[in-house]
Amino acid sequence: MSADVRRARAGRGHGGRALVLAACGGLLATGCATMPDSGDVQAVRGANPGDAQVRVYAVAPRENANPHEIVDGFLEAMTSDDPGFATARKYLTRQAAKNWKPEQSITVLATAPDREQADRDADPENQGRSIPITGRKIATVDARHAYRPSSPAKYAQTIHVVEETVADGKDKEWRIDALPPGLVLGEADFLRNYRSVNTYYFASGENWLVADPVYIRQRQDPVTRMDPVTQTVKALLEGPTNWLRPAVDSPFPTGVGLKKDVTSLPTDDQSTLRVPLDVKGDRFGGEVCRRMAAQMLVTLGDLPSVQIDQVELQDVDNKAVCRLGAGQAAEFRAVRETGQEETPYFVDGQGRMTALVPGGKDGVQPTKEVPGPLGKGTVPLGSVAVARGGTRAAAVSKDGSTLYVSSITTEQEDLPAVLKSKAGPTVAPENRLSQPSWDGRGDLWVADRAPGHQRLVVVPDGTGEWIEVRTPWLTEGTRVESLRVSADGVRIALLITRDGRTTLQIGRIERQDGADAQVVSVEGLQAAAPRMESVLAVSWAGPSRLVVVGREAGGVQQIRYLQTDGSTSASSVLPGLNEVNAVAAPHKETEPLIAASGNDGIVRLLPGANWQPLVKAGTAPVYPG
């Protein structure tokens with residue numbers, strides 16, 4: 001039976017149980033005063049993704065419910081906000097209810113799980129019923145709250161139901177005694193109940209923070225009873241996700257946590273959040289405490305529902321150890337706010353580096369000349385990248401053979417070559433150097449796509465002796481089409497072609513001191529857009545967000561936002577644009593996206609608007625980075 005049919009029947013006497021959804025809509029601020037307790041409840045199939053105004057209330061199993069009704073009721077009850085999942089546990093045997101750990105993991109399906117008919121042959125002794133549940137698995141969330149997407153694949157599990165004596169000891173009722181681990185939710189229910197939050201940890205050996213997205217409950221967590229702020233602090237204290245852990249540090253003492261029974265962390269009238277920890281103050285005093293508070297402030301800045309201007313960390317005796325304000329925490333961000341508009345650049349029809357005027361007011365010339373040899377066309381260019389300080393740029397020649405670095409704020413005559421492709425003179429430009437990318441450390445990255453000599457290269461400070469990056473995954477038959485490095489220098493977005501398909505992969509950058517030079521490697525590649533059949537372009541759009549151009553199987557080209565962990569929402573799709581071959585996103589959401597279209601040239605997308613043509617002939621748009 002499909003989930004749609006189950007929900008349609010709920011509340012109309014079939015099975016004697018219902019799933020109640022209550023939405024306050026515009027009255028949410030004042031609360032829902034009442035809920036009808038009679039009449040025909042019209043249950044629906046999940047809420048709009050991410051609609052935090054919808055509350056789901058599960059109903060306990062009715063007397064003499066059959067095995068199918070028990071399974072249906074349990075699947076529905078898993079989508080509720082019931083404290084401790086108490087109602088869901090009523091569908092389980094006493095032993096199964098004791099052993100079930102819904103916090104262990106979440107399996108996310110494309111739609112709510114379907115319940116099939118019981119397989120009587122699967123239980124030859126007729127001691128129960130084995131009931132298959134099926135769907136299309138698209139992701140999992142582990143116990144550390146990390147979201148991991150996957151290409152849609154068949155999901156098939158079994159729920160086993162037996163008869164057990166109920167509490168009054170008189171009669172037996174059908175109850176579930178074996179079930180899949182954790183929660184099993186359709187994507188709509190998952191996004192209604194959970195939201196993505198960036199936790200932050202320090203880049204290894206550095207003084208700036210790296211975003212590590214995790215998922216927490218939209219409202220109170222049914223298991224811990226914690227509100228979203230407390231859930232977020234708890235997730236931060238638990239440490240980075242397994243994927244990011246090798247590349248980041250955290251000053252939090254080993255084993256530190258919130259004081260016992262803390263489920264709410266309210267702010268006072270000065271927007272100060274006091275966080276009581278379960279360790280002595282002498283374990284995290286001084287600069288350690290200051291860095292811990294910075295992590296918390298930057299992390300909690302991702303929660304729109306609360307205003308926190310400063311954090312005070314307290315020890316186990318509730319004594320203040322340190323206090324830090326939001327302005328002080330800002331110095332630990334990988335990209336610091338300057339208050340200035342971000343300037344985008346592109347390569348014009350004559351192969352010259354050109355700047356777009358920030359803001360781009362109507363009636364104003366949209367472009368301006370870039371000082372130095374890159375802007376004068378000393379060498380015809382194919383692509384460019386601008387260092388985050390905005391004073392230097394790197395460029396690859398139009399034939400893809402040579403990487404240059406030059407000032408873009410002062411005039412200079414020479415244009416020094418930093419790196420040359422290993423490809424021969426007859427090789428096409430697309431089989432030579434890729435578009436370069438700068439990280440926040442000031443290091444310059446580029447891929448050499450020379451047949452038989454593929455490699456990733458990093459140039460320290462854009463001027464030092466280049467280093468070939470260790471890439472154990474870059475084997476024969478694998479090709480790096482393009483790359484973009486995050487501002488924190490810890491993650492790299494790669495477009496990789498293998499077996500005729502181009503996918504988006506996120507790699508972890510690890511650095512170690514070698515005998516003669518630093519050893520740099522890219523490890524732990526994970527798919528960030530597995531539901532896309534092909535990806536054409538990507539750009540960083542903030543600490544843990546990407547803007548991606550690609551196609552889903554059988555679909556048209558689309559431009560959308562994705563988290564680096566591969567998660568998304570229905571609101572992430574941007575207005576359509578034909579023949580897009582490159583895209584550039586600013587760090588701030590208030591600035592426009594820039595794209596290159598084969599039909600329209602360089603175009604711009606302002607927040608809340610549609611695409612606007614700017615320059616008819618142009619390629620390779622970029623923001624600093």
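This is a predicted model: local features need pLDDT of at least 70, side-chain atom pairs count only at pLDDT 80 or more; totals for chains, interfaces and linings use all residues.

Me: How many aromatic pairs does the structure hold?
Reply: The structure holds seven aromatic pairs. One of them joins F85 and W100.

Me: Why is the pair of F85 and W100 called edge-to-face?
Reply: The ring centres of F85 and W100 lie 5.7 Å apart, and a pair needs centres within 6.5 Å. The angle between the planes is 65 degrees. The cut-off for edge-to-face is over 60 degrees, so the F85 and W100 pair is edge-to-face.

Me: What does the pair of F85 and W100 tie together?
Reply: F85 lies in the loop between α2 (67-77) and α3 (86-89). W100 lies in the loop between α4 (94-99) and β3 (106-109). The pair therefore ties together parts 15 residues apart in sequence.

Me: Why do F85 and W100 count as buried?
Reply: The cut-off for buried is under 20% relative accessible area. F85 has 2% and W100 has 6%. Both values are under 20%, so F85 and W100 are buried.

Me: What makes the pair of Y147 and Y215 tilted?
Reply: The planes of Y147 and Y215 are 40 degrees apart. Stacked needs under 30 degrees and edge-to-face over 60; the rest are tilted. The centres are 5.5 Å apart, within the 6.5 Å limit. So Y147 and Y215 form a tilted pair.

Me: Which parts of the chain does the Y147 and Y215 pair link?
Reply: Y147 is in strand β6 (residues 147-165) and Y215 in strand β10 (residues 209-217). The two residues are 68 residues apart. Y147 is buried at 4% relative accessible area, and Y215 is buried at 5%. Y147 and Y215 also belong to one aromatic cluster with F190 and Y194.

Me: How do you know that the charged end of R508 sits over the ring of W243?
Reply: The charged end of R508 is 5.6 Å from the ring centre of W243. The distance limit is 6 Å, and the charge must also be within 35 degrees of the ring normal. R508 is listed as sitting over the ring of W243. R291 lies over the face of F202, at 3.8 Å from the ring centre.

Me: Why do β5 and β6 count as paired strands?
Reply: Pairing needs at least two bridges. β5 and β6 have twelve, in the antiparallel sense, so the two strands pair. T134 stands opposite A156 in β6. β5 and β6 form a hairpin with five residues between them.

Terms used. Residues are numbered from 1 along each chain as its sequence is written. Side-chain values use heavy atoms; hydrogens and water are left out. Rings of Phe, Tyr and Trp (its six-membered ring) pair if their centres lie within 6.5 Å; planes under 30 degrees apart count as stacked, over 60 as edge-to-face and the rest as tilted. Helices (H or I, at least four residues) and strands (E, at least two) are DSSP runs, numbered from the N terminus. Buried means under 20% relative accessible area, exposed over 50%, partly exposed in between (1.4 Å probe, protein chains only).
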